[in-house]
Amino acid sequence: MVKQEYEIERLIDFIRFEEAYEQFYHYKNKEFAGIFTSARFRKNARNTYVTSRYYFKVKWLGFDRNSTTWEPEESIPSAVYLGQFKRLNNLEEHLEKIEVSFELKQKRGYCPLQDVQIVEKTADEPVNLSLFSPVLLDAVDNGRFGMVPIPAGENLNQSSFFFKLNSTYYFVKNAVYNTGTSDDVESLIKTFHHENKCFIQGYIRHENIVSMLDSFYNFDPSSGNVRISSVFEDCPQALRWKITNEGVNWKRMTFDVLKGLAYIHTHGIHQGISIDNILFGKNGQFKISHFNDFTFSKSIDAMNVKSVGVELAPRKYGLDNQFDFSVDIYALAIVALQCSESVLLVQRECNTLADIEEKISQAMENLPSDEDRHMIRMMLKARLLMHQGTGSYRFSAHSLSCWPVLYNSNMVSVECYFLKTMDATPIIDRAYYAPNDSVADVTNRFAAFYGCSLQTDYRMLCSTNFDPSCSADILSRHENFKAVVDNETTLGRKKFLIVPLLKPSVAPDHLMQKYVILYRQELGGFPIIIESPTLTPPELLTLLKREVVSEEYKLREMGLFAEELDNYEDDIPKYSENSFLLKITDLPENAIKSRLSTLEDIKKPLTGDLLKWTEIAGIHSLFGQKNAEPIVKRSRKRSSSCMN
């Protein structure tokens, strides 16, 4: 008998061995019965089994979708884009084998899997996703053996359409291009995938990303046309429809989309978030679609940024830096505002930036709480705030999805200033707290949202304001924060500040001293707190220049002076008994801008030079002209800024 050879056509899905074990033995899911057979598992000398950590669901070439099987990773050839599939699903790129012990036939009932040991890791060649372009099958093969065979009689020449197969609906999008001969088809498909990355939806498996279930091409020799067809899972409604017909909870939508963005931002930037490209799936969750403009790059020049509409295009904020994932965060904030109002933000072409800003401003004002407005404002200004030294993690999709405002929690919030590092511009954020939270709980939660190093110890201070002449208290980490807020509010002390505690050297706690350094211009009154063994002023100044002072100031002549308290004896600073004033002596007065002044700049409306069409990233691609600069009406009065 001749042994028949089988060829894997494509990978459909994946599962960890441990999860497959639970599904089959615990939940009696027969889909995974083919994994646990005596032919596949033979015990070794230690009475255990060795198998791949991951199993992949595969479609076999020449067989229909009912003949798919689960195969161990060690049996999957790289030619079916195994490396790309694993990368796009955030799996380890190496082959991992595990040693397990279990009974294939569990006659006494379910027995949990125990003692899983990794026994082998085989490194593979790293894949370059930016060069990834899959090979498609001809429509003839797809019609016979495709994962979603399109029924006979369907008009495939439509640009898009729905069809029904075995009581399930699917959505098809077609792209038609002209090529000379059949020899040019492969090159054309590669070019198409280089510009349009929707194909990665056929590889990513995530509950908040619309799946492409099939893709194929058809070449018509008479016309020279190539039709590339993509078959997607059916999602009942687009977000636009739900907004106008049912209303949408913006927090729920934002949470779902942030989960999807957190997944794909490990690979690149979406650039297509809009009310038309967010769909509502049958699983009851919102999903991201339209990967046409997805890029595997982590940064984009302003000229090359793409957006679905001008209202979704991010602002440059006067910065020359390249754009990053904040492109998607900005667009999502605009989408969220439309959900909250159940009114489309832009229903016609906007002729001025003032039109757009006013619409955003009105939507912001109508949000029900300061916490809601704060989160949307942070998302809109993520690019600017990251540039000011707050770090990108705070505005990542993952960090934003964890923010308490998206949950119906028992937490309330209070305004709080934050310095991630001593030379960063302070950011105005909100500190969330539950009734029983300590100061340490609030501080640690705050630092976690900024992705701060676990080696950095943050402390919270409270003051009427942060002018050097005003007193401020370092709050005990064990105090109940709600009690502090209630008490300090009664006394009129409404400002809180979280700063890093600098520990440049190690010494027993009883030898440690706290030093407070004030610099009235650059630091704007915000203190530097240093914990160190006893230091003389020269030693302290050397430490400051090394650990705290920005590079551009390190070559300046500096002086450190004991804090002069004579002018405000009734309001002595309570930071520490060791207070000093740092002066940069070779600079004219007010040469360095106060960090508090910079903070006020961030809060200002987008007026003047920042209210121009040239401040919109990718404006040329939106208007299709290199010299397009619509006139902005500057005379219109606005009650408040869209970013305020």
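A residue is called buried when its relative accessible area is under 20%, exposed when that area is over 50%, and partly exposed in between. Aspartate 214, with a relative accessible area of 1%, is therefore buried. The model is predicted, and its chain averages a pLDDT of 81, with 78% of the residues scoring at least 70. The count of salt bridges comes to 26, while the structure holds zero disulfides.

**Confidence**

- Confidence in the chain is highest in strand 14 (residues 286–288), at a mean of 97, and lowest in strand 20 (residues 512–518), at a mean of 60.
- Residues 565–575 have a pLDDT below 50, and this stretch makes 26 contacts in the model beyond near neighbours in sequence.
- A pLDDT below 50 is also found over residues 625–644, a stretch with 57 contacts in the model beyond near neighbours in sequence.
- Where pLDDT is low, the predicted coordinates should not be read in detail.

**Arginine 10 and aspartate 214**

- Side chains of opposite charge can pair when their charged atoms come close.
- Arginine 10 and aspartate 214 form a salt bridge in which the closest N and O atoms are 2.7 Å apart.
- This pair links distant parts of the chain, 204 residues apart: arginine 10 belongs to strand 1 (residues 8–16) and aspartate 214 to strand 10 (residues 212–220).
- Arginine 10 has a relative accessible area of 17% and is buried; aspartate 214, at 1%, is buried as well.
- Both residues take part in a network of salt bridges that links Glu9, Arg10, Lys59 and Asp214.

**Glutamate 71 and arginine 40**

- A salt bridge joins glutamate 71 to arginine 40, with 3.1 Å between the closest N and O atoms.
- Glutamate 71 lies in strand 4 (residues 69–72), whereas arginine 40 lies in the loop between helix 1 (17–26) and strand 2 (49–52), so the pair ties together parts that are 31 residues apart in sequence.
- Glutamate 71 counts as buried at 15% relative accessibility, whereas arginine 40 counts as partly exposed at 28%.

**Lysine 242 and its surroundings**

- Lysine 242 is located in helix 5 (residues 239–245) and counts as buried because its relative accessibility is 8%.
- Glutamate 246 forms a salt bridge with lysine 242, and the closest N and O atoms are 2.7 Å apart.
- The side chains of lysine 242 and glutamate 246 are also joined by a polar contact of 2.7 Å.
- With residues up to four places away in sequence left out, lysine 242 touches Gln237, Gly247, Val248, Phe280 and Phe286.

**Helix 10**

- Helix 10 (residues 382–390) is mostly covered, since seven of its nine residues are buried.
- The buried residues of helix 10 are Ala382, Arg383, Leu384, Leu385, Met386, Gln388 and Thr390.

**Cysteines**

- A disulfide is a covalent bond between the sulfur atoms of two cysteines.
- The structure holds zero disulfides.
- Cysteine 198 is buried, at a relative accessible area of 7%, whereas cysteine 402 counts as partly exposed, at 33% relative accessibility.

Conventions:
Residues are numbered from 1 along each chain as its sequence is written. This is a predicted model: local features need pLDDT of at least 70, side-chain atom pairs count only at pLDDT 80 or more; totals for chains, interfaces and linings use all residues. Side-chain values use heavy atoms; hydrogens and water are left out. A salt bridge is a side-chain nitrogen of Lys or Arg within 4 Å of a carboxyl oxygen of Asp or Glu. Helices (H or I, at least four residues) and strands (E, at least two) are DSSP runs, numbered from the N terminus. Buried means under 20% relative accessible area, exposed over 50%, partly exposed in between (1.4 Å probe, protein chains only). pLDDT is the predictor's confidence in each residue, from 0 to 100. Contact means heavy atoms within 4.5 Å. A polar contact is a pair of N or O atoms within 3.5 Å; within protein, one must be able to donate a hydrogen and the other to accept it, and residues adjacent in sequence count only if both atoms are side-chain atoms. A disulfide is a pair of cysteine sulfur atoms within 2.5 Å.
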